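Trainee: Could we look at this structure together, and could you tell me how each term is applied as we go?

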Amino acid sequence: MTKILDWKKYTEAARRVVAEGCVLLENKDNVLPLKKGCKVAVFGRIQHNYYKSGTGSGGMVNVTEVTGIIDGLKNSGLVEVDTELENIYLEWEKENPFEVGIGWGQEPWCQKEMPVQFELAEECAKRDDVALIIIGRTAGEDKDNLETEGSWYLTSLEKEMIKNVSTAFEKTVVVFNTGNIVDMNFVKEYNVKSVLYTWQGGMVGGLGVSDILTGKENPSGKLTDTIASSIKDYPSSSNFGSLKDNVYAEDIYVGYRYFESAAKDKVLYPFGYGLSYTNFEITAGDFEFDNGGNLPAVKFDVTVKNTGSCSGKEVIQIYVKQPQGKLGKPALVLADFKKTALLKKGKKAKLKFEFDISRIRSFDDTGITGNIDSFVCEEGLYEIFAGNSIRNLSKIGDFTLSETIVIEKVSDSLKPVASFERMAAVYDESTKQLKFENQKVEASSPYQNKHRNDNLSELDNFLERKDLNQDILSVLKTLTDEELSCIVRGEGMGSPKVTAGTAAAFGGVSKSMNEKGIPCCCCTDGPSGIRMDSGAQAFSLPNGTSQACTFNPDLVKELYSFTGWEMVYNKIDILLGPGINLRRHPLNGRNFEYFSEDPYVTGIFASAIIEGLHSAGVTGSLKHFCCNNQETGRWVSNSVVSARALREIYLPGFEMAVKNGADVIMTSYGSVNSMWTSGNYDLVTQILRKDWGFTGIVMTDWWAMSNDEGKEPGRFNIAQNVRAQNDLYMVVPDAAENAHNDNTLTSLAAGELSRNELLRCAYNTVSFLKKSHAQSRLENRDVKVVIKNRKKTAIDGATDKIVYYDTVDGLSIPLDHVDTSRGKSYSFGIVTKDQSLYRIELVGKTGDNDLAQVNVSVSYNGVNIAVLCWNGTHGAYEAKGLSMDRPLNRNVVINLYFAQSGLTLKEFKITKIKDNN
């Protein structure tokens with residue numbers, strides 16, 4: 001079978017996502033869209049350094065090219081860009097190049113900005129009609145944002161630029177190329193007419209943004225976060241960023257759940273807000289309350305009419321006001337949303353909504369309603385509202401429950417083992433408003449071991465169970481203890497057993513298991529596209545913020561169906577994404593990967609992505625399960641959180657996606673209620689598998705720690721992972737060797753781990769593998785994917801094979817055949833089996849110009865570790881390099897990127913400098 005992947009259609013889908021994800025916050029005097037033929041002065045150095053994504057594993061996608069905003073405007077043919085001003089920036093950038101940072105997580109949040117004096121802005125204003133200012137920010141893995149200039153706040157140079165430009169120009173537009181929201185108080189200070197959040201749109205982001213700016217597309221994106229006046233207004237601020245304990249004292253009152261309840265005056269731009277170039281009239285239709293089914297439900301319709309002057313789309317959001325009852329509730333909760341098709345002026349659409357009360361359930365973690373560990377809807381009046389933001393709503397109906405209804409009783413799991421105080425909403429009769437009081441959360445006794453021991457008998461006679469797949473059980477019966485300990489280890493990074501430069505291989509990673517018909521599966525980083533550290537190029541996707549702000553899950557599902565076939569082309573089975581943690585706080589560095597402060601929005605888009613990938617027979621790994629709500633101290637910090645906040649806020653996105661077919665989960669690094677998630681029995685078995693019915697595989701994050709209950713964590717406590725039913729420890733250099741001496745077999749011998757627990761994990765893994773493309777590849781019957789309408793890539797992950805060289809006390813790799821022309825790259829692999837320290841060197845020569853600067857960027861498993869520079873060597877070979885401060889990984893992919901022509905290479909040398917064996 002052959003499948004055609006049309007790169008042009010892939011690009012068009014991404015472009016539409018970027019456009020529909022743009023959120024227009026201000027548009028005074030209808031400055032946008034730009035008039036056809038108008039002259040535009042583009043300010044801001046990000047015009048030539050577009051941020052396609054955030055940093056870290058979520059953004060490390062090699063691409064053939066990136067189309068920035070100024071490129072998109074030029075390509076549109078609809079406006080005239082001031083090239084004189086652009087050339088001023090280009091000259092300035094020669095002396096002020098983009099700073100990429102050296103090493104993991106070292107790229108700065110923003111780039112140095114060119115000073116813009118009033119005189120320059122005034123000169124431009126004489127010849128141009130509109131000023132466009134582009135502000136850029138990045139952040140990512142291991143690098144939270146900070147409450148400083150250049151991160152959350154604008155820099156003094158950025159403020160000066162906005163001030164001078166907006167003073168000189170009558171029409172000024174500020175465009176944000178960011179992964180996340182930033183401080184917006186500048187809007188009140190300066191004469192800015194329009195403000196547009198465009199997020200980070202991947203490799204074709206500039207095309208989608210240009211479509212919005214020029215009016216080819218009408219903005220229809222909505223905020224999936226609340227933008228407050230001050231960072232300190234967010235209730236989690238006082239409990240964010242600790243290296244030890246982060247107490248979730250705000251409890252369920254995250255984002256709009258807090259602001260709309262008792263701090264409406266602190267909001268600059270509310271949740272769900274976003275302007276259009278046209279206007280819409282929203283009218284409620286028939287409303288029906290049905291109390292005759294399993295659960296009470298509502299059914300209604302909403303009519304949307306385009307009353308403006310141009311075509312556009314609108315998002316209808318449904319919110320519910322619940323009775324405060326005994327539990328206390330937020331003022332409003334999002335229950336549903338739908339986006340219209342494109343409506344021409346004067347046209348209307350009728351949107352139909354239907355849901356039962358489980359959509360608006362609350363969790364009783366204390367028994368105050370008489371239903372402990374249960375989701376309930378308390379008795380009282382429920383009012384339904386519809387509108388196009390949480391601040392622009394009309395009531396469309398209501399219903400009354402005469403008694404409290406129990407939606408679902410769940411396990412008594414993952415409760416805090418330390419007491420703390422949380423916010424609780426109370427209705428103040430005197431003011432007729434909600435207010436917050438402190439409520440003590442009592443500590444639970446340790447319970448993880450008890451829950452595991454209580455359920456251990458379920459595994460008796462595991463290999464004889466009739467409810468399991470008998471073919472798979474027959475394979476498991478042949479596995480030795482050594483093979484069982486091997487199958488719970490993933491191998492990476494850069495394992496040569498799968499696609500070069502990917503994150504991990506797992507399953508049939510040993511020859512013996514391969515011979516028993518167990519395939520070797522490949523997974524690699526997303527979620528912003530396929531990461532291949534071999535240098536192979538892939539499609540870089542719009543970030544999670546952009547996707548969710550579309551409020552169009554069908555469009556995102558379509559986009560990921562293309563990504564799915566790209567994965568098949570590259571022989572990759574699992575994309576490590578989507579990231580679906582809640583945006584508890586705006587400074588979280590990985591917010592660019594995540595979707596929203598709202599769990600329903602998060603669950604909808606997680607489900608859409610997985611469904612899109614499944615259409616190609618591949619899948620994604622939901623991450624990070626759970627409470628990875630900051631990057632600071634993510635390995636060691638402990639999230640202290642109530643069962644109610646977990647069940648209502650931090651787990652529902654995962655639950656929705658699981659119940660909609662998600663089959664892979666990645667646990668987070670840190671601890672939740674004093675138990676590291678990798679070995680957290682309550683989280684992985686009790687909640688995920690028992691409460692939700694999950695039957696897929698669970699993997700750790702890379703090199704994650706686990707702890708036995710009440711003890712300190714360790715990196716290779718794989719036995720605890722297996723006890724928790726976390727199927728795969730990610731990653732080790734060689735799964736069959738046990739080079740790190742993990743405790744799997746020793747715990748098995750000591751009776752601290754049962755063989756049936758290992759068999760259970762193996763069953764989960766093999767069950768997954770048997771349905772994967774990996775199985776089809778093993779049997780030489782996989783679908784062939786042909787890509788059309790794609791520019792030729794420098795390195796093709798599906799067809800170009802990386803050569804691996806064994807390092808034995810040193811190594812010399814001839815490179816005299818390598819094309820070092822500007823923009824070219826070259827990759828190769830190194831296999832090292834000892835713990836010695838090495839120096840790596842590149843030997844090359846240039847011509848006679850002593851002022852020449854010929855740079856080569858050296859990347860180590862996708863991370864830039866050095867930029868080596870040759871000046872004039874007068875034809876003599878010179879060695880440039882660096883001494884490594886830690887042992888080399890077992891499998892390393894080295895990529896050389898040639899920024900300038902003029903270098904002739906001789907060899908790549910590895911020399912041992914310290915023997916640690």
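Mentor: Of the 189 residues in the largest nonpolar core, Phe43, Met184, Leu476 and Trp702 touch the most other members, and helix α14 (residues 553-569) gives the most to this core, with nine residues. This is a predicted model, in which local features need pLDDT of at least 70 and side-chain atom pairs count only at pLDDT 80 or more, while totals for chains, interfaces and linings use all residues. Residues are numbered from 1 along each chain as its sequence is written, and side-chain values use heavy atoms, without hydrogens and water.

Trainee: What makes a set of residues a nonpolar core?

Mentor: The members are buried Ala, Val, Leu, Ile, Met, Phe, Trp, Tyr and Cys residues joined through side-chain atoms within 4.5 Å, where buried means under 20% relative accessible area with a 1.4 Å probe, protein chains only. A second, separate core of 30 residues includes Val304, Val320, Ile405 and Ile407.

Trainee: Which residues does Phe43 touch, not counting residues up to four places away in sequence?

Mentor: Among them are Leu85, Tyr89, Val116 and Phe169, a contact being heavy atoms within 4.5 Å.

Trainee: Why are β16 (362-364) and β20 (405-409) said to stand at the edges?

Mentor: Three strands (DSSP runs of E, at least two residues) form an open antiparallel sheet in the order β16-β17-β20, and β16 and β20 each have a single partner strand, so one side of each is left without a neighbour in the sheet.

Trainee: How do you know that β17 (residues 374-377) pairs with β20?

Mentor: Pairing needs at least two DSSP bridges between the strands, and four bridges join β17 to β20, so β17 and β20 count as paired.

Key: Buried means under 20% relative accessible area, exposed over 50%, partly exposed in between (1.4 Å probe, protein chains only).
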